Amino acid sequence: MKPLSNKPQKLRGVIFDMDGTLTEPYLDIAEMKRRCGITSGDILDVIGSWSAEDQKQANKIIYEMECDARLNMTLMPGVADLCRFLDERGIPRGILTRNVMESVDHLHKEHVEAKPFLPAVTRGFTPYKPHPAGLMHICDVWRVDPSEIVMVGDSAKDDVVVGNRAGSATILLDTTDRYREEDLHGELLPNFVVTHLDQIVPLLKEHFAFGVDV
């Protein structure tokens, strides 16, 4: 993994991916691409290059699959305890997702008992991740430097890359042993890999310093 400095890093915010990170994995992106007729490339980039009519058809497929995912949404184990830990220390938490705001609203309404994740940046904010613009926007709202936040997500190519491009610390959540060591290199290399959200609190305590005045 990519080492941090020996000195504890300032921690002034944590940004989370949503699908597969705050919620149990349900959306099947490979199936979504198959239904849209996409054989290679980033699904959002490819659809964005199509004609208006083809985009409309593809977005309908995506909408239907995302609606189904909302109906079957379940919270990832450990979310409540992690939220409590951050909230008790006044550390803001936000969401950076390639999903839509309707899904974020459903998460807050049906599954999160703590205060909402704010800001919540979805794919309606362009350019979407792995471009760092959304992460930088959240940092601007919080008035913190990207080096003072941690990006947490289950996708090396989206979540780790966006954090690395912004200069943030990164935590890759790999609940299914999806990644091998040789898969994680260059921009895909995180600072930490965990298999459960419960592993994040001890990691933060060991490697980061909390509070506005640190």
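Leaving aside neighbours within four places in sequence, proline 132 is in contact (heavy atoms within 4.5 Å) with Val162, Arg165 and Ala166. This residue lies in the loop between strand S4 (120-121) and helix H6 (133-142); helices (H or I, at least four residues) and strands (E, at least two) are DSSP runs, numbered from the N terminus. Proline 132 has a relative accessible area of 17% and is therefore buried, where buried means under 20% relative accessible area, exposed over 50% and partly exposed in between, with a 1.4 Å probe and protein chains only.

The model is predicted: local features need pLDDT of at least 70 and side-chain atom pairs count only at pLDDT 80 or more, whereas totals for chains, interfaces and linings use all residues. Residues are numbered from 1 along each chain as its sequence is written, and side-chain values use heavy atoms, with hydrogens and water left out.

The protein has eight helices and eight strands. Its radius of gyration, taken over C-alpha atoms, is 17 Å, close to the 17 Å that the globule rule (2.2 Å times the number of residues to the power 0.38) gives for 214 residues, so the protein is as compact as a globular protein of that length. Along the principal axes, the C-alpha atoms fill a box of roughly 55 × 40 × 30 Å. Of the 214 residues, 46% are buried. Among contacts with a separation of 6 or more, 67% are between residues 24 or more positions apart.

Strand S2 (residues 13-16) is covered on both faces, with Gly13 and Ile15 buried on one side and Val14 and Phe16 buried on the other. In a regular strand the side chains alternate between the two faces of the sheet. Strand pairing requires at least two DSSP bridges between the strands. S2 pairs with strand S5 (residues 149-153) in the parallel sense over four bridges, and phenylalanine 16 has valine 152 as its bridge partner in S5. S2 also runs parallel to strand S3 (residues 93-96), to which three bridges join it; here valine 14 stands opposite arginine 93.

Serine 103 lies in helix H5 (residues 101-110). This residue counts as buried because its relative accessibility is 2%. Apart from neighbours within four places in sequence, serine 103 is in contact with Met18, Arg70 and Met73.
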